[in-house]
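Please read this briefing alongside the sequence and the coordinates.

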Amino acid sequence: MKDGSRDGVRSQRGERMSKSSSTNAPPLILDIDDFKGDFSFDALFGNLVNELLPSFQEEDMDNAEGHGTIGANDVLPNGSLRLSSDAGKSAQGLVMPLFPEVDALLALFKDSCKELIELRTQIDARLNNLKKEVSVQDSKHRKTLAELEKGVDGLFGSFARLDSRISSVGQTAAKIGDHLQSADAQRETASQTIDLIKYLMEFNSSPGDLMELSPLFSDDSRVAEAASIAQKLRSFAEEDVGRKGIGVASATGNATASRGLEVAVANLQDYCNELENRLLSRFDAASQRRELSTMAECAKILSQFNRGSSAMQHYVATRPMFIDVEVMNADSRLVLGEQGSPASPSDVARGLSSLYKEITDTVRKESATIMAVFPSPNEVMSILVQRVLEQRVTALLDKLLQQPSLVNLPPMEEGGLLLYLRMLAVAYEKTQELARDLRTVGCGDLDVDGLTESLFSGHKEDYPEYERASLRQLYKAKMEELRAEGQLSESSGSGTIGRSKGASIVATSHQQISVTVVTEFVRWNEEAISRCSLFSSQPAILASNVKAVFTCLLDQVSQYITEGLERARDGLTEAAALRERFVLGTSVSRRVAAAAASAAEAAAAAGESSFRSFMVAVQRCASSVAIVQQYFANSISRLLLPVEGAHAASCEEMATAMASAEAAAYKGLQQCIDTVMAEVERLLSAEQKATDYRSPDDGIAPDHRPTNACTRVVAYLSRVLEASFTALEGLNKQAFLTELGNRLHKLLLNHWQKFTFNPSGGLRLKRDITEYGEFVRSFNAPSIDEKFELLGIMANVFIVAPESLSSLFEGTPSIRKDAQRFIELRDDYKSAKLASKLSSLWAA
C-alpha cells in the first residue's frame, strides 16, 4: 500500500479513535499492507496514539500552570496526581487524574491486539498456500532439468562423433596433401632434371664450344640462376666421371658416356671460370664505385664457386695496404726512422703503437664493408687478419729484428746483443697488443694468438742463449771499462805521487768492489727476467729460463767480488813483502838502520792502508751478497716455486757461487791479522825498553802509567780495527776478533819472554796487561777476556816475595806452566834459587 493511502487510512482511524473515546465506536481495522515495505513499529504505534495525546498534552500544560511544579513522586500508580498537604486540605481529599485518555488508549490497544491476531492467522494461511505452490513448481523444475541433462548428454555424444569424423577426414586430407606435395616435388625435380639434362647435353656438344648454349647462360640478369645450374651440372658430371673411371673395364656404352661427360665437365669448367672472372670484374668495378649492393650481389653468386673463396681472396688481395709499395715504405719509416739513423727501443715502441693503431683502424673500416657485402663475413675477416699478420707485420718485423750471430757478437758501440733483445721484447709486446685489438674487431675462427706466436718462433727458439750471451757481453764490457778507469787513475797517481808512501794502494783503490756495479748487474738481470716472463708462457719453461739467467748473475757477482777481494789481498801481500824487505840484522850502521826504520814506517803505513782497503772490500762484498739474496727472495723465488726442485737448486747454486768469494775473504782476513800482528811486533820491538820492566831501585816512586810500547800498540789497534768493527758483522766479526785476540795474546807472551822483571817492573807489566785487557774487552769475546785476566794473575809473580809464589796458583792450577815461564823472568830467579823451590812446589 502506498504512503499516501496509508496516511489517509491513519487519518480515518484517528477520527474513529477520537469518536470511540467519547462514544462506543466499532474497533479499529488494521490492513496487512501496513506491514509491507519499510515497516517501523515506532511509526505504527505513533499513528495509533498521536490522535489522543495532543488533547492530553494541552490539558497537562494547563494543570501545570494552575498547580505549580509537580514532582515525579507526586504521580500515583493509577496515573492520578498526588497533591500536597495544604492542597489536600483545600480539596478535602479529592484526587485529579493525570492521564484522562488512559481508558481510551487501553481500549484502542486491546482492539489492535485482536486485529493483529486475525492478521497473523490470515498470513499463516497464505504462507501455507505459497509453500504448496512452491513445492509443485520445484517438482516441475527438477523434471525439466533432468530432461535437459539427457538432451545435453546426447548432444555431447553427437559432437564427439562429429569431432572424430572430422579428425579422420583431416588425417586423410593431410595424407593426400603429403602425397600431392611429394608428387609435386617429384614432378618439379623431374622437370628440373629434364632441364638439367637438356643443359648438360648442350655442354656435351663439343669440346670448347660454348656458343650454342641456352640464353640462360648468357643473360646477365640471370647470372645467379646460371651459376647455380652450372654448379649442379658440374657436380653431377664430375661425380659420374669419377664413378665411371673406377670401372674402366665396364661395357662400351658406359665408356662412351664417360667420354661424353668428360667433354661436359671440361666445358662446364671453362664456363664456370669465365662466369667467375666476369663476376669478379663486376665485383671490382662495384668496389671502386663503393656500390655495396652490387658487391653483395656478386659475392652472393660467387659464394657458389668453391664456397666463395676466390671472391674472398680476391677482395683481400686487392686491399691497398697489401699492394701499395709506398705503404710498406711508410711503415718502415714510421717504426725505424730515416735510413742511417739508428732507432732506439723507445722510438720503435712509439712507432709500433702508431702503426698498429693505424692497422687496427683500417681493419675496422674493412670489417664494416665485409659485413655488408659477404655472406660469410667471418671467413673474410679471418683471411684479412691472417694476411695483415703474415704480410704487413712480418715484412716490418723482418726489417726490425735481424737476428745476430752468437759467434760474432755485435759490438757494444752499436748496442750489442742487448739492443736486439730490447727490440725483440718491444716488438713482441706491441704485436701481442695488436693481436688483442684485432681479436676485438673480429677475426672469425682464426687463431690470432697462435699466428702471432709463430711470427716470433725463430727468435724465441734460441732466446735463452741470446739472453745469457748478452749478460756475458755486458759484464765483459763493464770490466773493461773499470780496468780502463783503474789504469787511468794509476797512471795519474804514479805521475804525482810516484812510489811514495801509500802509492801501492792508489793503483787498487779505484778497482775496489763497488756496490753500484753489483746493483747494475742485478738491474741487467732483472731486465732479462722481465723478458723471460714476457716470452715464456709455460711455468716450466719460464722457471728453466729464469734459473739460467739468474745463474749468470751468480757467476758475475761471484767473479767480480772474488777478483775484488783478490786485488785487495794483493795490497796486503805487497805490504808484507815491503816488511820483509827491510828486516835487517843487528850489525849495521846507524845510517842504514835509520833508513831501514824509515822504510819500515812506510811499509807499516802501506800495511794499515791495505788493511783498511780489504775491510772496505769485505764490507762491500757482504752488501753485494745481501743485494743478490734480496733480489732472489723478491723476484726470482716466486718464479721458481711452481716447478718442483728449481728453488732448492738455485739456492744451492747461490751458495756454491759465493764459496769462492768466502774463501778469498777468509784468506784476506788471515792476512789482515798477520799484518796487524806484524805491526804490533814492530812497535813492541821498537818502543819496548829493557828498563820499562826493570827500573832501578833509586827510591823514586814507581811509574804506574802504561809503557810507551803498550800505549803505541793500543792506539794502533784502536785505529786500525775501527775498520773491522764497521765492515764485519755477526759470526764473521766474532771469529775474526777472537782469532786476533788469540794471536795478540800469544805475541805478548813471546814478547815478554825477552825481558827480566823486578817488582816495580812487574807493577808496570800489570798496568800494561790491564790496558790490553780493557782494549780486547771491546771484542766481546769471553775466551779472550779470560786469557788476559789470567795474564794479570800471572803478572803477580813478579810482585810477590818468593815464599808467596805458591799461594798465587792455588785456585788456578791450569796456568802453572805459563806461570813457571814468567817466574823464570824474575831478576832474582837465580839469586833466590827459585828453580829448586819451584821443583819442590810443583812436586807437592
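pLDDT is the predictor's confidence in each residue, on a scale from 0 to 100. This is a predicted model, in which local features need pLDDT of at least 70 and side-chain atom pairs count only at pLDDT 80 or more, whereas totals for chains, interfaces and linings use all residues. Residues are numbered from 1 along each chain as its sequence is written, and side-chain values use heavy atoms, with hydrogens and water left out.

**Confidence**
- The chain has a mean pLDDT of 79, and 74% of its residues reach 70 or more.
- Confidence is lowest in helix 18 (residues 503-509), with a mean of 43, and highest in helix 19 (residues 515-535), at 94; helices here are DSSP runs of H or I with at least four residues, and strands are runs of E with at least two, numbered from the N terminus.
- Over residues 248-258 pLDDT stays under 50, and the model has four contacts (heavy atoms within 4.5 Å) beyond four places in sequence for them.
- Residues 495-510 also stay under 50, with 19 contacts beyond four places in sequence.
- Where pLDDT is low, the predicted coordinates should not be read in detail.

**Fold and surface**
- The chain holds 29 helices and two strands.
- Of its 844 residues, 38% count as buried, meaning under 20% relative accessible area with a 1.4 Å probe, protein chains only.
- Among contacts between residues at least 6 apart in sequence, 77% join residues at least 24 apart.

**Helix 14**
- Helix 14 (residues 416-441) has 26 residues and reaches 38 Å from first to last C-alpha, close to the 38 Å expected at 1.5 Å a residue, the expected span being 1.5 Å times one less than the number of residues.
- Just after helix 14, Gly442 adopts a positive phi of about 125°.

Definitions and conventions
Buried means under 20% relative accessible area, exposed over 50%, partly exposed in between (1.4 Å probe, protein chains only).
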